[in-house]
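Biologist: Before we discuss any label in this model, I would like each one set against the rule behind it. Could you show me the sequence and the structure?

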Amino acid sequence: MGIFLALVHHPVLNRHGEVSSTAVTNVDLHDLGRAGRTYGVNRFFVVTPIDLQRELVGRVIRHWADGPGSKSPSRQQAFDRIEVASSIDQAVERVSEITGEKPLIAVTGASLVDDTTPFSDMTAMIRNSGPPILLLFGTGWGLAPEVIDRANIRLPAISGPEGPLGYNHLSVRAAAVIVLDRLLGE
């Protein structure tokens with residue numbers, strides 16, 4: 001049924017470990033929109049409860065999908081797949097509307113080490129036309145615990161040569177592309 005991506009700006013953690021909201025950045029929209037298009041993601045949701053940020057994202061999408069920016073076919077194709085949601089629940093609702101089935105929620109984060117599903121298992125699920133999957137990425141210092149707790153699938157942290165407990169401070173864009181490549185790459 002496909003894979004859907006969501007960049008979550010709330011509820012996420014701040015540097016003090018408190019639940020908070022983060023600002024939407026233009027570079028995230030461009031980079032994750034293009035990555036989503038490259039890897040065949042059905043939709044890329046930008047999740048923020050802040051009205052002004054949702055309006056801003058809507059303007060950027062319209063510029064590249066229907067406005068003057070649509071003269072760039074590669075950007076237009078990427079932005080055609082971006083949608084704004086006010087909450088994770090709204091993104092889940094939209095995936096259900098699109099596919100006719102409630103998605104499994106998958107999460108990842110720099111600190112996820114225990115009780116995780118190997119990337120190969122999730123890749124097999126995707127290739128075997130399993131249920132739709134909504135893959136959440138958190139901004140700030142990662143997804144809030146209540147988001148991690150509600151997930152059906154917890155993917156392991158991306159780790160380098162130092163292992164999962166070593167240095168691990170990738171941008172959300174870099175982490176998302178690595179995860180997409182591990183799950184959907186050839």
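Biologist: Which residues are buried in helix α5 (residues 119-127)?

Modeller: In α5 the buried residues are F119, M122, T123 and I126, where buried means under 20% relative accessible area, exposed over 50% and partly exposed in between, with a 1.4 Å probe and protein chains only. Please keep in mind that this is a predicted model, in which local features need pLDDT of at least 70 and side-chain atom pairs count only at pLDDT 80 or more, while totals for chains, interfaces and linings use all residues. Residues are numbered from 1 along each chain as its sequence is written, and side-chain values use heavy atoms, with hydrogens and water left out.

Biologist: What makes the buried residues of α5 line one face of the helix?

Modeller: The arc is taken from the directions that run from the helix axis to the C-beta atoms. For α5 the buried residues fall within an arc of 105 degrees, so they line one face. What covers them includes β1, β6, β7, β8 and α7 (172-184), and just after α5, S129 takes a positive phi of about 55 degrees.

Biologist: How do you know that the span of α4 (residues 88-99) is close to the expected one?

Modeller: Helices (H or I, at least four residues) and strands (E, at least two) are DSSP runs, numbered from the N terminus, and the expected span of a helix is 1.5 Å times one less than its number of residues. With twelve residues, α4 reaches 16 Å from its first C-alpha to its last, close to the 16 Å expected.

Biologist: Which residues of α4 are buried, and what puts them on the same side?

Modeller: I88, A91, V92, V95 and T99 are buried in α4. They cover an arc of only 100 degrees around the axis, which puts them on the same side of the helix. The face turned away from that buried side carries E93 and E97, both exposed. By contact, meaning heavy atoms within 4.5 Å, the buried residues of α4 pack against β1 (3-8), β4 (44-47), β5 (82-85), β6 (104-107), β7 (133-138) and α6 (145-150).

Biologist: Why are β5 and β8 called edge strands?

Modeller: Two strands pair if DSSP finds at least two bridges between them. The open sheet of six strands has the order β5-β4-β1-β7-β6-β8, with parallel pairing, and β5 and β8 (153-154) each pair on one side only. For β8, two bridges join it to β6 in the parallel sense, with V107 opposite R154; for β5, four bridges join it to β4, also in the parallel sense.

Biologist: What makes the aromatic pair of W64 and F79 stacked?

Modeller: Rings of Phe, Tyr and Trp (its six-membered ring) pair if their centres lie within 6.5 Å, and planes under 30 degrees apart count as stacked, over 60 as edge-to-face and the rest as tilted. The structure holds one aromatic pair. In that pair, W64 and F79 have ring centres 6.0 Å apart and planes at 25 degrees, so the pair is stacked. W64 lies in helix α2 (residues 51-65) and F79 in helix α3 (residues 73-79), 15 residues apart.

Biologist: How do you know that F79 is buried, and where does the charged end of R75 sit?

Modeller: F79 has a relative accessible area of 1% and is therefore buried. The charged end of R75 sits over the ring of W64, 5.4 Å from its centre, the rule being that NZ of Lys or CZ of Arg is within 6 Å of the ring centre and within 35 degrees of the ring normal.
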